[in-house]
Amino acid sequence: MAAHLSYGRVNLNILREAARKELREFLDKCAGSKAIVWDEYLTGPFGLIAQYSLLKEHEVEKMFTLKHGRLPPADVKNIIFFVRPRLELMDIIADNITSEDRHHSSRDFHILFVPRRSMLCEQRLKEQGVLGSFINIDEYILDLIPYDGDLLSMEYESAFRECYLENDQTSLYHTAKGLMTLQALYGTIPQIYGKGECARLVANMMLRMKREFAGSQNQILPVFDTLLLLDRNVDLLTPLATQLTYEGLIDEIYGINNGYVKLPPEKFAQKKQGEGSKDLPTEPKKLQLNSAEELYAEIRDKNFNAVGAALSKKAKIISAAFEERHNAKTVGEIKQFVSQLPHMQAARSSLANHTSIAELIKEITTSEAFFDNLTVEQEFMTGVDTDKVNTYIEDCIAQKDPLIKILRLVCMQSVCNNGLKHKVMDYYKREILQTYGYEHILTLNNLEKAGLLKPQTGSRNNYPTIRKTLKLWMEDANEQNPNDISYVYSGYSPLSIRLTQILARPGWRSIEEVLKMLPGPHFEERQQLPSGLHKKRQQGENRTTLVFFLGGVTYAEIAALRFLSQVEDSGMEYVIATTKLVNGTTWIKSLMDRPESQTQ
């Protein structure tokens, strides 16, 4: 089960199993047949923990989406609400229960808050007069969800917004709690490094929680050597740039949600001879993307320009394998060939899917619009003309291109120039508001507050120094056989990953001056290990670092860290954790102000 979670240095299946065990225990508390009413936002994250079969084993017979009015008919003894602790959801639950009462007086109601119980929500249920209807009110602590063998996500969409706009530290508290759970399962992490205000707060919370639990520590040999906490606002540039890895581009163009992508169906239709187009499917093709699929694990982190060659090489291997059947003469050989068939057929269908996806992406990456956009991004990254109004951005506004595309570029120019001159900033703002509507003034204010769009102050632009010292731009990035992390953006090395790389060797003391130019403090903490638990390292054994991105991480950054894990002599392997997997579009969207009814 979920074998792809246990292949890495750290067996993340342990975490998934712990989460499943808690879920089973809760379901068993509610004896008898059950229907689950889902807060729709939770179905994706839960899908990564437990399939429907697990719920069925524990007498879950029906599942509904939480919405106003009467619940759909279900002949069950228990109704369980799985919800986030949000007041507006309590009103819907109250509505469900009051419309229900008269019809099914023998039903038992339960509520499971994810990831924490909330006094405010219980108070709201009380005001609505339904709190007494619940037999069980519980919390299900789903902080860190195993996504893949080296990747954990909290799927906490609003973390960046809460921290930088609303001054709300809830997500940081959940992060600290999640890290404590991780230490309970994988041992105390001896060294903690961090950069940024939020990183400092999380480390402080962790150390405080550790003091509170003193004495009840697990005697587990530590699996992780180091924890690195990184604030997203230490590196605002990377998520704004267009990712150029295969997985990154799938996310940029189609969006990957909870490990699934929905693609236009026509590319995947198996057309039969003489068939018209009337039978083509209309539903999007939904594919699961993770390292359980061999081919995907092989190509997802490659620069897109290297994917075509990898696919054609794979095609040759597969067709050679199928040709083998002609050489099978004896019964034993035939039997062996037949036993390999399912694997070969799965490989063939996987190849067909990824060839179709690559064709879809190629249509976009070879377009003039994509090339022009990328050219401007790369000019900003290399410091070309960042201090004046950009004619390409002007043209895009005049053509009413999607607003998010404009915001990504303007923010990128601002970040690479340490703010925009007042007249440049005023010009962009005026053009955006006149073209896209004055309601976007709130969004522009939010971007300013988060430091993505800011007027230039007297201080000098540090970006060129940071770029030079940290080698953020590599002229001759090798996309086919990379020798540096810059391949993930065809020239630009993500600042966040460069910091991670330098921390491992030669250490942050070598870049003290640059660290001071980046926002927030940098720090180092050591955690005492229970006596006798000091790791004796074998000759040549790699160290393991958990890199936690507070406020989101992109697939291209993940690819860059995987690249560093595979470098022969690095001596370091990385496991990645984040509050949310993001790309420039979803990240900017989370900062946009839109009417309440549309949020989440």
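Predicted model: local features only at pLDDT ≥ 70, side-chain atom pairs only at ≥ 80, totals over all residues.
Lysine 34 has asparagine 78 of strand 3 as its bridge partner. Strand 1 (residues 34–38) and strand 3 (residues 78–83) run parallel and are joined by five bridges.

Now step out to the sheet around them. Five strands make an open sheet in the order 2-1-3-4-5, and the pairing is parallel. Strand 2 (60–65) and strand 5 (134–139) are the edge strands, each pairing on one side only. From one strand to the next, the twist averages 20°. Helix 4 (residues 87–100) packs on this sheet. Helix 4 touches strand 3, strand 4 (108–113) and strand 5, and its direction makes about 165° with that of strand 3.

Strands of a sheet pair through backbone hydrogen bonds, in either a parallel or an antiparallel sense. The next sheet is mixed: seven strands form an open sheet in the order 6-7-15-14-9-8-13. Strand 6 (145–148) and strand 13 (522–526) stand at its edges. Each has a single partner strand, so one side of each has no neighbour in the sheet. Direction ignored, neighbouring strands here are turned by 20° against each other on average.

Look inside this sheet. Strand 8 (residues 191–195) and strand 9 (residues 226–231) run parallel, joined by five bridges. Isoleucine 192 has leucine 227 of strand 9 as its bridge partner. Two helices deserve a look here. Helix 8 (residues 197–212) lies across strand 8, strand 9, strand 13 and strand 14 (543–550). Helix 8 runs at about 140° to strand 9. Helix 22 (residues 555–566) also packs on the sheet, touching strand 6, strand 7 (151–153), strand 14 and strand 15 (572–578). The direction of helix 22 makes about 160° with that of strand 15.

Next comes a helix pair. Helix 15 (residues 391–398) packs with helix 16 (residues 403–416) at an angle of about 160°, the axes lying 10 Å apart. That angle makes helix 15 roughly antiparallel to helix 16. Their crossing is left-handed. Helix 15 brings Tyr392, Ile393, Cys396 and Ile397 to the contact, while helix 16 brings Lys405, Ile406, Leu409, Val410 and Gln413. Of these contact residues, seven are nonpolar, one is polar and one is charged.

Finally, the whole chain. Its secondary structure comes to 23 helices and 15 strands. The C-alpha trace spans about 75 × 70 × 65 Å along its principal axes.

Notes
Residues numbered from 1 in each chain as written. Heavy atoms only, no water. Axes fitted to C-alpha atoms, helices over the stretch in contact; angles between N-to-C directions. Helix = DSSP H or I, 4+ residues; strand = E, 2+ residues; numbered from the N terminus. Parallel < 35°, antiparallel > 145°, perpendicular 65-115°, else oblique. Left-handed = near helix turned anticlockwise from the far one by under 90°. Contact = heavy atoms within 4.5 Å. Nonpolar A, V, L, I, M, F, W, Y, C, P; charged D, E, K, R; others polar. Pairing = 2+ DSSP bridges.
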